[in-house]
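Please read the points alongside the sequence and the model.

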Amino acid sequence: MKFGHFDDSRKEYVINTPKTPYPWINYLGNQGFFSLISNTAGGYSFYMDARLRRITRYRYNNVPLDMGGRYFYINDGGTIWNPGWSPVKTELDSYECRHGMGYTIITGKKNGLKAEVTFFVPQNYDGEVQQVVLTNESDAPKDFAIFSMAEWCLWDAQDDCTNFQRNFSTGRVEILGSTIYHLTEYRDRRNHYAFYTVNDTIDGYDTDRDAFLGSIYNGWDNPETVKAGKASNSFADGWSPIASHYKKVTLAPGETKTLIYILGYAENPQDKKFADTKPEGLLTREAWVLNREKADAMIEKYNTPEKVAAGLEELRNTWDKLLSIFKVDTPDDKVNRMVNIWNQYQCMVTFNLSRSASYFESGIGRGMGFRDSNQDVLGFVHQIPDRARQRLIDIASTQMPDGGCYHQYQPLTKKGNSDIGGDFSDDPLWMILSVAAYIKETGDWSILDVQVPYDNNESLAKPMLDHLTVSFYHIVNNLGPHGLPLAMRADWNDCINLSCFSDTPGESFQTYTNPKFKAEGGYSKIAESVFVAALFTYTGPAYVGILEHLGKTEEAAKAQAEIDKMKKNVMESAFDGEWFLRAYDANGEKMGSHECEEGKIFIEPQGFAVMSEIGKDVGADIKTLNSIDKYLNCEFGLVLNNPAFTKYYIQYGEISTYPGGYKENAGIFTHNNAWIICAEAYVGRGEKAFEYYSKIAPAFTEETSDIHKTEPYVYGQMIGGKDAKNFGQGKNSWLTGTAAWNMVAISQYILGVKPEFDGLRVDPSIPSAWDGFKATRQFRGDTYEIEIKNPNHVCKGVKSLTVDGAAVDGCIVPVAGDGKTHKVEVVLG
Ligand code: BGC
Ligand code: NOJ
């Protein structure tokens with residue numbers, strides 16, 4: 001069952017009912033100011049950091065679920081409704097929500113009155129513009145009232161929802177004309193403020209939540225002021241400040257009125273926080289006066305429909321440009337809409353926000369993840385390489401001199417997060433992969449020379465290359481009894497905690513140090529991760545390639561020897577006969593072996609081991625992939641492990657705490673499905689690669705949205721696995737490494753257009769039924785118009801490749817470097 005449809009020409013998903021099986025959201029903003037907006041206008045805004053600089057309040061896990069947002073209420077002759085249906089939930093005569101690239105348009109109609117609201121954050125602008133177009137479609141005049149509503153968060157979202165003894169007494173606002181200012185703590189230690197304005201005169205306002213609602217017993221669905229048809233002109237003093245504008249509107253039949261609201265954020269320099277003179281009409285209880293120059297300029301920027309149209313046009317152009325860098329035309333519409341629109345869009349969002357703020361990530365739980373952000377770069381780097389470059393430098397700056405890494409950092413401070421600390425065994429390797437991806441995309445080797453601090457300490461700065469070296473050797477220097485990398489607190493799978501042995505409620509599996517291992521430095525020196533071994537052998541060649549390019553042949557040979565040794569160690573101690581083991585636990589026992597009672601086979605190490613060609617000579621690659629198909633494949637994707645754990649295994653940690661079929665315990669973790677898709681494509685089994693791809697790619701789940709529940713236009717982290725009661729149900733949508741990895745899987749492995757250090761590889765691995773496909777790729781300043789022909793209906797194998805008619809050996813298109821368009825023709829066979 002569907003709840004909408006894709007409008008590919010406008011790059012939108014069109015939702016036709018407010019009652020989607022879960023709030024279906026969109027993200028507004030790309031740089032500083034961000035908003036989350038659901039299909040009923042729920043959500044919240046923040047500046048840079050969803051925890052430290054929250055602008056509007058949101059109540060997570062609420063009942064009903066999606067409560068709190070930017071709401072417009074209309075009181076039309078006693079009928080009260082919202083254009084997005086919620087929170088009043090009056091049945092609308094028609095409803096539509098269009099989520100597009102950085103904007104959302106929600107349209108509701110009731111009793112002949114139409115309200116179309118366009119929400120967007122313009123480029124280089126710290127505010128959300130909300131354009132409300134009201135049209136009287138009836139044949140009688142209409143007199144009605146419209147109320148806006150935004151509830152301020154008192155900046156630190158964590159403190160805001162816990163420290164009520166203080167926060168109920170700190171709220172401050174001011175009102176000037178049609179603008180309501182949020183000034184909590186501004187006088188003292190903050191130099192930022194927020195405002196909510198409308199480009200017209202108003203007939204009243206409310207800034208105190210209780211006054212707006214009329215009673216502490218009312219919810220957002222039942223505000224007394226709206227019912228009364230007029231504002232109470234309340235002035236918030238402590239408690240919960242809000243911003244609501246009240247406006248009376250009269251419309252003749254057919255007449256339209258446009259109102260432009262702006263929810264903005266501004267910062268003042270320390271010495272310019274206050275103004276000298278008090279503007280006339282300012283409603284304040286303060287003796288000081290805000291310097292509102294910044295807000296004035298922001299308001300001026302979008303105070304007419306023409307300016308709003310120009311802002312929207314600029315946003316559209318920006319996205320058209322971003323999405324023209326890589327475009328495909330395949331025989332499958334769903335592939336086209338994923339690759340050309342939604343997968344790339346999601347990659348921007350994950351790049352911006354890592355795993356911080358979504359409808360499943362509260363924005364107060366974690367900042368940016370070291371491994372997460374590095375992987376996010378893989379799917380994003382072609383869009384805005386300069387931003388990727390800066391991000392790589394920021395992430396590397398949180399690394400420790402020995403190659404270990406803070407697992408997370410706060411986007412506002414860019415400092416490593418000491419609450420969670422380090423010792424996640426996989427973290428350093430992702431840095432090698434992402435820096436290599438940046439160089440392969442851009443050919444910009446100079447990034448390796450940039451002086452990058454360790455532990456955010458400038459005096460410890462070393463060239464970026466040094467960060468890659470310590471990353472590589474952090475693995476080599478931390479091996480266990482079988483010569484495999486130590487598992488430490490966890491590897492990619494946060495829930496395999498082999499040094500935890502936790503039996504006390506509340507202990508964090510990720511950060512708890514069992515006294516048993518304290519003396520050993522915090523983690524077992526026995527437990528080893530086969531996943532990290534395979535990631536090392538997959539990633540290592542990029543490091544070697546970099547050294548070779550730099551002419552450091554000796555170092556390259558030394559590193560290559562480590563990779564070869566690791567492959568040997570894996571084959572000797574970690575190949576289980578039909579697949580690769582997952583780990584050795586702290587007791588030295590095998591994890592993920594046919595000898596185990598549960599959790600006999602795990603997905604994570606397999607793809608990277610296959611792509612590293614470990615044991616290829618004895619057929620380990622194909623055996624492994626066949627085992628995955630046999631044990632992990634099911635209707636909705638590949639489960640993480642099988643059989644699911646049904647007991648708590650204290651030696652494994654969090655993974656065995658989940659009911660079978662969910663999350664890391666045999667859920668369909670879409671992120672690592674991508675690694676198998678890549679591996680199947682790598683060995684040339686294009687059919688299998690595409691089968692797995694189409695099981696999880698959102699556009700393919702659209703038809704079963706009633707089962708899948710989350711948005712059909714973006715990936716979620718997880719789909720309930722075959723052991724789950726809710727088999728096929730998606731969760732944790734939007735912020736997941738799946739976005740980047742599936743972008744890599746479809747574009748670089750299945751469609752086979754893959755940047756390399758020395759050019760653009762074109763080597764597809766597609767379903768044999770395809771006659772071919774076309775792709776456009778902008779690469780290092782040139783444009784390549786690629787046409788793939790598949791006359792013999794094979795999956796893989798480049799028979800011939802020509803560039804502008806001239807034959808090229810192999811399948812790497814050399815960089816032309818002339819800024820021109822080149823025709824690449826590839827014949828498979
Ligand atoms: C989740 C993981 C997540 C980790 C860190 C675990 O509970 O299952 O997916 O990465 O917490 O937040
Ligand atoms: C989500 C985390 O963000 C990611 O870093 C981790 O790899 C997966 N969960 C698997 O545990």
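1. A polar contact is a pair of N or O atoms within 3.5 Å; within protein, one must be able to donate a hydrogen and the other to accept it, and residues adjacent in sequence count only if both atoms are side-chain atoms. In this predicted model, an oxygen atom of ligand 2 is 2.5 Å from an N or O atom in the side chain of Glu-664. Asp-494 places a backbone N or O atom 3.0 Å from an oxygen atom of ligand 2, and a polar side-chain atom of Gln-717 is 3.4 Å from a nitrogen atom of ligand 2.

2. Ligand 2 exposes 290 Å² when taken alone, and the protein buries 95% of that (accessible areas by the Shrake-Rupley method with a 1.4 Å probe).

3. The residues around ligand 2 (a heavy atom within 4 Å) include Arg-355, Arg-366, Arg-371, Asp-372, Trp-492 and Phe-669.

4. Strand β26 (residues 583-584) is joined to β27 by 2 bridges; Tyr-584 has Lys-590 in β27 as its bridge partner.

5. Local features need pLDDT of at least 70, side-chain atom pairs count only at pLDDT 80 or more, and totals for chains, interfaces and linings use all residues. Side-chain values use heavy atoms, without hydrogens and water, while residues are numbered from 1 along each chain as its sequence is written, and chains are lettered from A and ligands numbered from 1 in the order in which they are written.

Terms used: Two strands pair if DSSP finds at least two bridges between them. Helices (H or I, at least four residues) and strands (E, at least two) are DSSP runs, numbered from the N terminus.
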